[in-house]
Amino acid sequence: MEMEKMNVQCNSVVDNFEEVCPGKVIKFKPPLYKQRYQFVRDLVDQHKPKKVADLGCGDTELLRLLKIYPCIQLLVGVDIDEEKLQSNGHHLSPYLGEFVKPRSLDLTVTLYHGSVVERDSRLRGFDLISCIEVIEHLDSDNLARFPEVLFGYLSPAMVVISTPNSEFNPLFPIVTLRDVDHKFEWNRMEFQTWALGVANRYNYSVEFTGVGKPPAGAEHVGFCTQIGVFRKNSEEAGLPCIPEQHHRHIYKAVYTITYPSLQQERVLKFELVGEVLLQVERLRLGHLRKLREQKRESGTGPKD
Ligand SMILES: C[S@@+](CC[C@H](N)C(=O)[O-])C[C@H]1O[C@@H](n2cnc3c(N)ncnc32)[C@H](O)[C@@H]1O
C-alpha cells in the first residue's frame, strides 16, 4: 500500500515534476503530456490524414486538439473506461463559432467503448492511429494480442506508439513504475526490439524518437517518453482482405457528433443565403451613401 501511494505520487511527478518536487532540476516545459500531444499534432500537420483514431484516448484531450484540423474527416477515440468517455464526450461537440463559420469538409467524431485488443471493422484502414501511453497498461496476454489487432487487422497507414522509457526513471525520486496500473516499463532496447519485431511481421517500417529531454549531463538516458512511428510499407497493397463474416462491430458507440460543414446541403444553403443577404446589405448601404453625397453636392442635403 505504501508503495502504491509512492507510485501514485510518482505518476504525477512525471508530468508536474516542479510542483511535486520543488528544488529538483528536471522541468518539462511544456508538460510532458502536452509534448506527446504536440508530437501527434505535428504528424497530422505533416501528413494531413483524413481518418484518425486514438486508442486508449482517456479523457479525450488529444481528440479535442485534433478536431480543429480541417483535413480530418473521421476522428475516433477508443477506451476501455466507459465512464471516462461518457463524461468527456461533450468536450468534442462543435463550438458556436463552428456553426457560424462551418468547416469546408465533413467531420464525424465518435467515441467507442472497447478494448484495443478487440477487432472492430469500423476502425480498419485509417490513415493514422495513435496509442499514447497505453501499451504499458496491457498485461502480457493482451500485449501479445495487440499487434495482430492493430497492425494485422486494422492495418492503418501510420501508427504512433508512445511508452515510458525506464532508463529515465532513476532521475525521478523513488520511482519504480510511474503508475500503479503499469504492467511494465521498457528501456529503449526492449521497446525497439518489440517494435522492430512487430514492424517486420506486419510489413511496416519504424523510426524511434521521443519527448521530454533529459537534463544536461544525463543525455545517456534518452527521452522520458519513447516514441515509435510506424509506416506501412505497401501503401498500394491497401487493406488485407477479410471475409464478410469477420466484419464485426464489437465496440459500443457512446458518443458521436457530426460537425456542420459546407458539404451538407442544408449548411451550404444557409451559408449562401447569409452571403447573399450580406452583399445586398452592402449594396444598400453603398447606394444610400451615394444618394447622400449627391444631395450634399446639389445643396439639398444636410451639411456635415
Ligand atoms: C495513461 S492513460 C493515457 C490516456 C491518453 N492516451 C493520454 O495520453 O492522455 C491510459 C489509457 O488507456 C486506457 N486503456 C488501458 N487498457 C486499455 C485497453 N485494453 N483498451 C482500451 N483502452 C485501454 C485507460 O483506460 C486509459 O484511459
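This is a predicted model: local features need pLDDT of at least 70, side-chain atom pairs count only at pLDDT 80 or more; totals for chains, interfaces and linings use all residues.
## Contacts with the ligand

## The pocket and its shell

Where does the ligand sit? You will find the ligand in the largest pocket. Around the ligand there are 15 residues, and the closest are Tyr37, Gly56, Asp79, Lys84 and Ile132. Sorted by class, this shell is made up of six nonpolar, five polar and four charged residues.

## Lysine 84, one of the closest residues

Lysine 84, which is among the residues closest to the ligand, belongs to helix H5, a run that spans residues 82–88. Its relative accessibility is 33%, so lysine 84 counts as partly exposed, a class that lies between the 20% and 50% cut-offs. If you trace the chain from cysteine 57 to lysine 84, the two are 27 residues apart in sequence, and their C-alpha atoms are 9.2 Å apart in space.

## Threonine 163 in strand E5

Now for a residue in a strand: threonine 163 is part of strand E5, which covers residues 158–164. Is threonine 163 buried or exposed? Threonine 163 is buried, because its relative accessibility is 0% and the limit for buried is under 20%. The side chain of threonine 163 makes a polar contact of 2.8 Å with the side chain of glutamate 136.

## Proline 240 in a loop

To finish, have a look at proline 240, located in the loop that links strand E7 (225–232) to strand E8 (252–258). With a relative accessible area of 35%, proline 240 is partly exposed. Which distance separates proline 240 from serine 155 in space? From C-alpha to C-alpha, proline 240 and serine 155 are 7.7 Å apart, while in sequence they are 85 residues apart.

Definitions and conventions: Residues are numbered from 1 along each chain as its sequence is written. Side-chain values use heavy atoms; hydrogens and water are left out. A residue is near a molecule or strand if one of its heavy atoms lies within 4 Å of it. On a 1 Å grid over the protein atoms alone, a cavity is a set of points where a 1.4 Å probe fits but cannot get out, and a pocket is an open set with protein on both sides within 12 Å along at least five of seven lines; lining residues have an atom within 4 Å of a point. A molecule sits in a cavity or pocket if more than half of its atoms lie within 2 Å of its grid points. Ala, Val, Leu, Ile, Met, Phe, Trp, Tyr, Cys and Pro count as nonpolar, Asp, Glu, Lys and Arg as charged, and the others, Gly among them, as polar. Helices (H or I, at least four residues) and strands (E, at least two) are DSSP runs, numbered from the N terminus. Buried means under 20% relative accessible area, exposed over 50%, partly exposed in between (1.4 Å probe, protein chains only). A polar contact is a pair of N or O atoms within 3.5 Å; within protein, one must be able to donate a hydrogen and the other to accept it, and residues adjacent in sequence count only if both atoms are side-chain atoms.
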